[in-house]
Protein chains: 2
Amino acid sequence: MRNKFRNLLFLLLLCLVTGSVYAEDGYRLWLRYDKLQDEAKLKNYRQAITEVVFEGNAPTLVIAQKELVNGLSGLLGQEVPAAQRLTQAGAVVAGTPANSALIKSLGLADKLQQVGDEGYLLLSADVSGKRGTVIAANTDVGVLYGTFHLLRLIQTQQDISNLAVTSMPKIQRRVLNHWDNLDRTVERGYAGFSLWDWHKLPDYIDQRYLDYARANASIGINGTVLTNVNANALVLTKEYLVKVKALADAFRPYGLKVYLTARFSAPIEIGGLKTADPLDPQVQAWWKQKTDEVYTYIPDFGGYLVKADSEGQPGPHNYKRTQAEGANMLADAVAPHGGIVMWRAFVYSEHTPDDRHKQAYNEFKPLDGKFRDNVLVQVKNGAIDFQPREPFHPLFGAMPKTPLMMEFQITQEYLGQSTNLAYLAPLYKEVLESDTYARGKGSTVAKVIDGTLDNHKLTAIAGVSNIGTDRNWTGHQFAQSNWYTFGRLAWDHRISSEKIADEWVKMTFTNNNSFVAPVKKMMLNSHEAIVNYMTPLGLHHLMGWSHHYGPGPWIKDKPRADWTSVYYHQADEKGIGFDRTKTGSNAVAQYHQPVQKVFGSLKRVPEKYLLWFHHVPWDYKTDSGRILWDELAYRYSGGVDSVRQMQQTWDSVEGMIDEGRFNHVKTFLSIQEKEAKWWRDACLLYFQTFSKRPIPQGLEEPAHTLEYYMQLDPKFVPGI
Amino acid sequence: MRNKFRNLLFLLLLCLVTGSVYAEDGYRLWLRYDKLQDEAKLKNYRQAITEVVFEGNAPTLVIAQKELVNGLSGLLGQEVPAAQRLTQAGAVVAGTPANSALIKSLGLADKLQQVGDEGYLLLSADVSGKRGTVIAANTDVGVLYGTFHLLRLIQTQQDISNLAVTSMPKIQRRVLNHWDNLDRTVERGYAGFSLWDWHKLPDYIDQRYLDYARANASIGINGTVLTNVNANALVLTKEYLVKVKALADAFRPYGLKVYLTARFSAPIEIGGLKTADPLDPQVQAWWKQKTDEVYTYIPDFGGYLVKADSEGQPGPHNYKRTQAEGANMLADAVAPHGGIVMWRAFVYSEHTPDDRHKQAYNEFKPLDGKFRDNVLVQVKNGAIDFQPREPFHPLFGAMPKTPLMMEFQITQEYLGQSTNLAYLAPLYKEVLESDTYARGKGSTVAKVIDGTLDNHKLTAIAGVSNIGTDRNWTGHQFAQSNWYTFGRLAWDHRISSEKIADEWVKMTFTNNNSFVAPVKKMMLNSHEAIVNYMTPLGLHHLMGWSHHYGPGPWIKDKPRADWTSVYYHQADEKGIGFDRTKTGSNAVAQYHQPVQKVFGSLKRVPEKYLLWFHHVPWDYKTDSGRILWDELAYRYSGGVDSVRQMQQTWDSVEGMIDEGRFNHVKTFLSIQEKEAKWWRDACLLYFQTFSKRPIPQGLEEPAHTLEYYMQLDPKFVPGI
């Protein structure tokens with residue numbers, strides 16, 4: 001027996017090692033169910049959890065049960081079996097009153113009424129006289145979400161002995177936007193290629209699709225737009241609808257609905273019509289018929305996402321119609337089926353050269369209240385384009401009669417693409433907590449989009465996905481945290497950046513606080529680091545041409561002024577920054593008071609937005625006491641120092657996690673350090689040609705000349 | 001103790017299950033080291049193998065040692081540790097006389113002299129008075145190859161108690177050709193995208209690169225051309241050379257050399273010259289300098305692969321120079337560094353409309369003996385383009401003074417792309433065993449390319465890779481077998497298709513003969529099945545336009561006649577087939593006698609080549625007794641039946657392997673069945689318009705009309 005034991009032990013060790021060689025490549029994301037390390041807690045959990053009881057067996061419940069059994073067994077390092085009936089104390093009982101007599105017997109009607117059709121309760125309770133844990137919801141998908149929440153508590157080693165959790169999402173439609181093309185390239189994608197293997201659909205359902213759906217379910221994401229906003233009408237043809245259906249069928253039990261982008265000129269391109277005029281009855285009929293067809297394949301199809309009249313995409317303007325007229329045509333087509341239209345506000349005129357900052361507001365505000373009930377206007381967090389920092393979009397708070405939804409970017413188009421560590425929760429929170437003052441103090445952007453400010457029932461939030469075929473889904477191991485964050489904030493925008501980071505680090509890596517504490521800190525500082533070495537003090541849009549990789553503050557002479565960098569920084573011998581006050585473009589006037597006043601005041605504008613709203617002299621005295629030029633140099637340099645600090649932090653946690661992911665991150669940080677220095681050196685040298693001042697003593701000299709940086713021409717940058 | 005044991009057992013089971021959930025997605029290829037199932041054999045191995053002894057610690061030896069320890073421990077289900085010195089019987093002792101005193105002490109000088117600088121000996125021997133197993137070689141890489149051979153023996157449960165293996169490769173340079181573009185698309189690639197993440201090179205060495213190198217080492221592949229033959233000169237710029245160097249450094253310890261494709265017009269495109277004339281001294285100087293530069297990055301750079309004057313690629317013809325003059329310029333540049341040039345013979349004139357079949361021979365035969373010593377002419381297996389079956393290329397046997405190398409296609413451009421199961425060893429063997437009669441009977445193609453027919457020291461073989469970013473490397477699980485096959489045949493072209501399949505199935509799936517026997521049979525019949533449902537009886541080039549997916553026998557009216565299908569099948573009311581005899585293009589005249597006579601004779605030509613060489617009446621009586629039209633219909637139908645048979649075979653082995661890969665293959669077979677029927681129906685309906693005869697009774701009616709098939713237009717087919 002002893003020999004057998006020894007052999008078995010060895011086998012186990014071998015297996016664990018071998019298993020973990022495969023397991024720790026990032027593929028498991030935050031859904032890792034390895035045996036907990038804390039012996040005391042492990043003992044408690046093992047006593048508290050003995051079996052899993054589901055009485056229903058609908059597909060979603062089967063999925064939830066499997067997750068619970070696998071998860072609990074892995075975490076507790078011992079079998080936690082599924083039982084048909086409750087047999088002992090320590091049962092985890094999950095279900096709805098409709099499918100579980102046990103749940104029904106608990107008298108939770110009042111509590112359940114609060115949680116709607118996606119929420120759940122987690123309770124420590126006596127069930128049939130035995131102490132156990134209850135996951136109760138009104139729907140199967142609520143049970144699934146509750147299941148993941150319970151697992152998260154244990155993954156993060158929290159106390160479950162007195163659970164009294166009531167949770168429901170604050171925003172209704174929590175949607176990923178995949179900028180995926182049908183040829184599997186991903187626009188602004190830095191994690192390989194598109195997950196959707198269209199050529200082998202509908203027959204072949206890649207395991208990856210199911211793991212994708214499961215990951216989304218674990219963070220409450222309930223919708224996915226499969227195709228690029230720069231749309232291809234072909235996806236609406238039968239050839240593709242059968243493939244989309246296959247994906248929708250695979251996703252459905254995970255609570256994940258499918259949406260598609262609608263190419264406005266589809267009636268012409270695939271319908272054979274001569275026009276796509278939204279007021280043309282034939283066009284309307286075509287969309288109605290086409291939409292009915294879509295719903296025959298996918299009865300719970302979510303609806304359309306549309307980019308129109310923007311960057312070459314066709315739209316209502318081609319026919320001298322308004323955005324509302326365009327949106328309403330599609331809205332009428334999906335309405336009978338319960339579908340929605342998400343109509344992007346990212347529109348800027350091909351003709352009038354007004355400040356880009358103002359264009360979406362000018363286009364959309366007059367249309368407030370003119371959209372159908374099932375239309376949301378999808379608004380980027382800021383008025384330019386996902387810069388490392390942007391003040392909130394003035395449309396938030398400007399369209400009270402229309403449900404507005406947020407469009408966040410998860411993929412790091414302007415935040416270091418595949419190679420820079422950037423935890424984006426602080427960016428998202430900064431926007432969500434911004435006060436629009438639309439209805440006085442406290443009119444936060446969060447309240448606009450969760451419907452409570454203007455009493456909208458239809459609410460949504462979108463995240464431009466950073467997911468691709470890379471083994472670890474997101475390219476950079478830490479980019480996973482932003483997918484996770486998006487889900488958590490979509491569910492509840494009140495959760496703090498710190499808490500989300502805490503959860504994610506513990507689930508993804510380890511509960512060991514010697515790792516968790518410094519790594520969280522590193523994450524929480526990472527966004528500001530990038531702002532500093534790319535676009536400090538409100539600078540924006542300084543990136544390389546087209547691919548957006550690396551610095552390009554010198555970019556000028558392009559077909560549109562507002563595609564250049566010089567347009568945005570306006571550097572000259574006097575100073576730098578875009579005057580958006582009344583002496584300039586007066587974009588500030590689109591904000592309510594007192595925001596308008598504060599942003600418009602040189603003294604009062606938060607320094608992080610200084611050069612976003614003001615053209616400021618090089619010798620202007622900033623909050624630090626340094627003149628602007630010097631402060632810029634310190635910010636840029638500080639950003640590089642931050643990355644070096646991150647490298648030291650990461651080195652200090654070597655050995656606390658698996659070698660594979662440790663080395664991956666270490667390598668990526670070294671790439672990031674080089675890129676940070678590149679940004680800093682190139683930008684300072686370029687702006688110096690205007691400031692004509694020296695880089696402050698004590699700060700590093702640039703590694704090369706300005707000419708060197710200007711002639712760099714990276715080839716085949718991913719994502720375009 | 002019993003409880004502990006039980007828990008441990010459960011943990012182990014859990015771990016194995018969890019581990020195998022990750023392990024069995026095809027990623028491990030044939031390098032799976034799971035505990036052997038046969039108890040008796042396991043017991044014997046455990047007695048025979050107790051430790052691994054390497055005395056040297058060069059990088060390649062460290063890799064070999066790790067492979068051996070991991071492999072043996074896994075297979076034997078118990079720790080087989082690395083030992084610094086030999087301590088017991090059952091040691092596996094590995095090394096060269098130079099780095100291992102133990103090996104040196106064995107007196108193997110004579111035997112080792114036979115195996116050259118890549119071969120090895122595997123011996124059961126007494127070492128220091130203890131019975132053990134010896135892996136001996138002249139070089140570290142030989143030890144690595146011997147290591148994999150030993151592991152293969154155990155993976156396939158063969159007797160190792162009396163080993164006396166002497167193995168050396170019959171062909172010197174065994175090279176993969178990746179048709180990978182710098183934007184990571186793969187031309188004719190059906191397994192995702194390019195492995196090479198150029199954007200993150202040189203800093204980030206993806207684990208995938210190392211696993212790729214290891215897989216190649218396990219089958220003796222010692223070279224890899226990283227870039228597409230439709231070349232991009234940028235890869236020769238410094239920006240990319242540092243990246244190539246990073247890959248070369250990663251591959252080197254696995255014995256894998258790096259080559260690149262050379263764009264003939266590079267002197268103009270990146271060199272700023274006005275010409276790329278190979279006889280221009282400036283051009284020659286540029287190539288010399290560029291090549292010297294490459295060697296400063298990669299001292300053991302293999303050399304260049306060139307596609308020139310073909311399908312739009314620039315070449316010597318642009319300057320009215322010969323292929324030899326072009327090749328020799330590059331040969332002179334690499335010669336001082338020991339490099340080679342592989343110059344592709346796939347040239348066909350843009351102007352003269354002669355039978356494509358004849359053009360490479362007409363271009364290259366006159367140049368025989370005019371190439372530098374370090375040039376090989378790389379010849380596709382057949383004279384058209386990788387069709388499901390082609391007679392051997394007439395160039396084999398036509399250029400005795402020039403080393404010719406084989407170009408096989410592993411990726412299934414014309415053999416069902418990602419979705420069809422095709423084991424290609426029979427195709428490769430058919431070519432290799434073809435008798436050119438160049439020096440009388442027995443002048444096989446194999447002897448041409450292994451140098452023995454015409455006494456060439458420089459020998460090589462290339463396989464156009466089917467590898468990409470898909471998790472299982474090759475898209476279709478069974479496509480892995482062709483990568484494996486290529487390596488095994490490159491090492492020793494005498495190995496039979498059956499033996500290779502036997503090895504691969506056992507290593508990749510299981511030794512269970514209830515699985516092995518039927519699956520091998522399925523594999524061995526798979527190539528013929530595809531020939532039958534796509535291009536039976538010598539038909540060729542009938543595929544869909546551009547993407548080459550699905551049937552397109554009706555294709556005509558293209559810029560070049562020899563890009564159409566009608567050009568190749570020549571179907572008319574009288575009959576079908578391309579007359580390559582003296583009444584036609586007389587391509588047969590390029591073969592030696594008696595091949596020329598046999599191919600040219602309607603009666604004697606092997607029926608598998610009938611319509612390749614002859615235009616044959618619809619009512620011609622074939623070997624079966626059926627008229628040609630009926631025989632065609634039977635062949636096409638038989639091909640579809642074969643796939644259905646494969647489906648039954650596969651279904652019959654359910655449960656014998658992991659669910660994941662079982663279901664994957666099952667799904668792919670169902671796709672293949674649909675595609676086989678599609679090919680059959682479309683081709684028969686189309687040819688019927690000429691034969692004007694009914695499909696023989698008893699055979700299935702086509703599912704749709706000819707019009708239906710002709711208007712099918714698959715979008716975004718991978719690989720183009």
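Reader: Where does Pro594(A) sit?
Author: Pro594(A) is in a loop of chain A, the one between strand 15 (575-576) and helix 19 (595-600). Keep in mind that this is a predicted model.

Reader: OK, and what kind of peptide bond joins Gln593(A) and Pro594(A), cis or trans?
Author: That bond is cis, with omega at about 0°. There's also a cis peptide bond between Leu201(A) and Pro202(A), where omega is about 5°.

Reader: Where's Pro202(A) then?
Author: In a loop too: Pro202(A) lies between strand 7 (173-177) and helix 7 (207-218) of chain A.

Reader: While we're on backbone geometry, what's up with phi of Ser128(A)?
Author: Phi is positive there, near 50°, and Ser128(A) isn't a glycine. The residue lies in the loop of chain A that runs from strand 4 (120-127) to strand 5 (130-137).

Reader: Is Ser128(A) buried or exposed?
Author: Ser128(A) counts as exposed, because its relative accessibility is 51% and the cut-off for exposed is over 50%.

Reader: And over in chain B, what about phi of Lys320(B)?
Author: Lys320(B) has a positive phi as well, about 55°, and is not a glycine either. You'll find Lys320(B) in the loop between strand 10 (303-306) and helix 11 (323-334) of chain B. Its relative accessible area is 76%, so Lys320(B) is exposed.

Reader: Switching to rings. How many aromatic pairs are there over all chains?
Author: The count is 88. One of them is Trp196(B) with Tyr209(B), a tilted pair with 6.0 Å from centre to centre and 55° between the planes.

Reader: Which parts of the chain does that pair link?
Author: Trp196(B) is in the loop between strand 7 (173-177) and helix 7 (207-218) of chain B, while Tyr209(B) is in helix 7 itself, and the two are 13 residues apart. Both Trp196(B) and Tyr209(B) are buried.

Reader: Why is the pair of Phe478(B) and Trp650(B) called edge-to-face?
Author: Because the ring planes of Phe478(B) and Trp650(B) are at 80°, with centres 5.6 Å apart, and planes over 60 degrees apart count as edge-to-face.

Reader: Which residues make up the ring cluster in chain A?
Author: Ring pairs tie together a set including Tyr27(A), Trp30(A), Trp196(A) and Tyr209(A). Tyr212(A), Phe251(A), Trp473(A), Trp483(A) and Tyr484(A) belong to that cluster too.

Reader: Which charged end sits over the ring of Tyr27(B)?
Author: That of Arg471(B), 4.0 Å from the ring centre. Arg626(B) likewise has its charged end over a ring, that of Tyr634(B), 3.9 Å from the centre.

Reader: New topic: what does the side chain of Thr50(A) do?
Author: A polar atom of the Thr50(A) side chain lies 2.7 Å from the backbone oxygen of Ala89(A). Thr50(A) itself is in the loop between helix 2 (39-48) and strand 1 (51-54) of chain A. Beyond its sequence neighbours within four places, its contacts include Val80(A), Pro81(A) and Gln88(A).

Reader: And Asp502(B), where's that?
Author: In helix 16 (residues 497-508) of chain B. Its side chain makes a 3.0 Å polar contact with the side chain of Lys506(B). Leaving out neighbours within four places in sequence, Asp502(B) touches Val516(B) and Lys520(B).

Reader: Why does Asp502(B) count as buried?
Author: Because its relative accessible area is 18%, and buried means under 20%.

Reader: Last one: how many helices and strands are in chain A?
Author: 23 helices and 16 strands. The radius of gyration of chain A is 26 Å, close to the 27 Å from the globule rule for 720 residues, so chain A is as compact as a globular protein of that length. Of those 720 residues, 64% count as buried.

Note on methods:
Residues numbered from 1 in each chain as written. Chains lettered and ligands numbered in written order. Predicted model: local features only at pLDDT ≥ 70, side-chain atom pairs only at ≥ 80, totals over all residues. Heavy atoms only, no water. Helix = DSSP H or I, 4+ residues; strand = E, 2+ residues; numbered from the N terminus. Polar contact = N/O pair within 3.5 Å; in protein donor to acceptor, adjacent residues only side chain to side chain. Contact = heavy atoms within 4.5 Å. Phe/Tyr/Trp six-rings, centres within 6.5 Å; stacked < 30°, edge-to-face > 60°. Buried < 20%, exposed > 50% of the residue type's maximum accessible area, 1.4 Å probe, protein only. Lys NZ or Arg CZ within 6 Å of the ring centre and 35° of its normal. Rg over C-alpha atoms; globule rule 2.2 N^0.38 Å.
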